[in-house]
Amino acid sequence: MIPKVDTLSRICEVGIVAVVRAKNSQSAEKIARACIDGGISAIEITFTVPGAEKAINELKQKFSPKELIIGAGTVLDSETARIAILAGAEYVVSPGFDLATAKLCNRYQIPYMPGCMTLTEMIQAVEAGADVIKVFPGSAFGPDYIKAIKGPLPQVPLMPTGGVSLENVDEWIRNGCVAVGVGSELTGGAKSGDYEKITQTALRFTEKIKEARNEKVDGGE
């Protein structure tokens, strides 16, 4: 098993998690492959995908650990989290915070990223051992909300999902996010079978994230 700290470090390094929602495991694999070809190695298979655990397991078998950081998304409870972990998920993402899921992930040393919006939720999640706070839905407040959170909670790693686009991803990163989660803005090409579009969009996202991080360094932040 990959050490928890290594998984978190790699996700932060790439700076973006591809949120994959698809009609079946075959489509999920095609989307994941297109994202990987575009430089996004962190792939989150949501449990809204029929046979999500099968997709996770198959991707785990087809890609090397260097190529893929596979996670489970839309995990609502600890039972689903355990299924995901047994299938090979290296991190677990939820739309909301669930204490039982936090405990289970901590028990097996799997990074847990619960969705939170208020500071009260974030504090409770961090106290329960959450590793990264998924600011969700990010579209509700936008990138400026990250600055507001970082005031009282500068120590909390944040990853917004929802509302992240090519037009504003640099702002999310500059405002202090360790990574971003992106779904349809990245994977939309799958609807028409245009997987090359996904790859090209992935390349643009990774480039913009690198540029934003370089700006932070150059600016002395």
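Is Gly138 buried or exposed? I would like to start there, and the reply is that Gly138 counts as buried, since its relative accessibility is 3%, well inside the cut-off of under 20% that defines the buried class. Before going on, please keep in mind that this is a predicted model, and that every value I quote has been computed from it.

Staying with Gly138 for a moment, this glycine is found in the loop between strand E6 and helix H7, and once its neighbours within four places in sequence are left aside, it is in contact with Thr161, Gly162 and Trp172.

Most residues other than glycine have a negative phi, and most peptide bonds are trans. With that in mind, which phi does Thr74 take? The value is near 50 degrees, which is positive in a residue other than glycine; Thr74 sits in the loop between strand E3 (69–73) and helix H4, and with a relative accessible area of 18% it is buried, so please note that this figure falls under the 20% cut-off. Gln109 also has a positive phi, of about 55 degrees, although it is not a glycine, and its loop is the one between helix H5 (99–107) and strand E5 (112–116). With a relative accessible area of 43%, however, Gln109 is partly exposed.

Helix H1 covers residues 4–14, and in it Lys4, Thr7, Leu8, Ile11 and Val14 are buried. Why do these buried residues line one face of the helix? Seen down the axis of H1, they fall within an arc of 135 degrees, and so they share one face. Just after the helix comes Gly15, which takes a positive phi of about 80 degrees.

Strand E1, residues 16–20, is the place of Ile16, which counts as buried because its relative accessibility is 0%. Not counting residues up to four places away in sequence, Ile16 touches Ile11, Ile40, Ala42, Ala179, Val180, Val182, Phe205, Thr206 and Ile209.

Ser165 is found in the loop between strand E7 (158–160) and helix H8 (169–174), and it is buried, with a relative accessible area of 10%.

Glu90 lies in the loop between helix H4 (78–87) and strand E4 (92–94), and at 8% relative accessibility it counts as buried. Which side chain makes a polar contact with the side chain of Glu90? It is that of Lys60, at 3.1 Å. Beyond four places in sequence, the residues in contact with Glu90 include Thr7, Gly71 and Pro111, along with Lys60 itself.

Finally, the largest pocket, which has a volume of about 450 Å³. Its lining is made up of 25 residues, and those nearest its centre are Val19, Arg21, Gly183, Ser184 and Thr187. The elements giving two or more residues to this lining are helix H2 (25–37), strand E8 (180–182) and helix H9 (184–187), and H9 gives the most, with 3 residues. By class, the lining has 9 nonpolar, 10 polar and 6 charged residues. I will stop there and take questions.

Notes: Residues are numbered from 1 along each chain as its sequence is written. This is a predicted model: local features need pLDDT of at least 70, side-chain atom pairs count only at pLDDT 80 or more; totals for chains, interfaces and linings use all residues. Side-chain values use heavy atoms; hydrogens and water are left out. Buried means under 20% relative accessible area, exposed over 50%, partly exposed in between (1.4 Å probe, protein chains only). Helices (H or I, at least four residues) and strands (E, at least two) are DSSP runs, numbered from the N terminus. The arc is that of the directions from the helix axis to the C-beta atoms. On a 1 Å grid over the protein atoms alone, a cavity is a set of points where a 1.4 Å probe fits but cannot get out, and a pocket is an open set with protein on both sides within 12 Å along at least five of seven lines; lining residues have an atom within 4 Å of a point. Grid points are joined across faces, edges and corners, and a volume is the space filled by probe spheres set on the points. Ala, Val, Leu, Ile, Met, Phe, Trp, Tyr, Cys and Pro count as nonpolar, Asp, Glu, Lys and Arg as charged, and the others, Gly among them, as polar. A polar contact is a pair of N or O atoms within 3.5 Å; within protein, one must be able to donate a hydrogen and the other to accept it, and residues adjacent in sequence count only if both atoms are side-chain atoms. Contact means heavy atoms within 4.5 Å.
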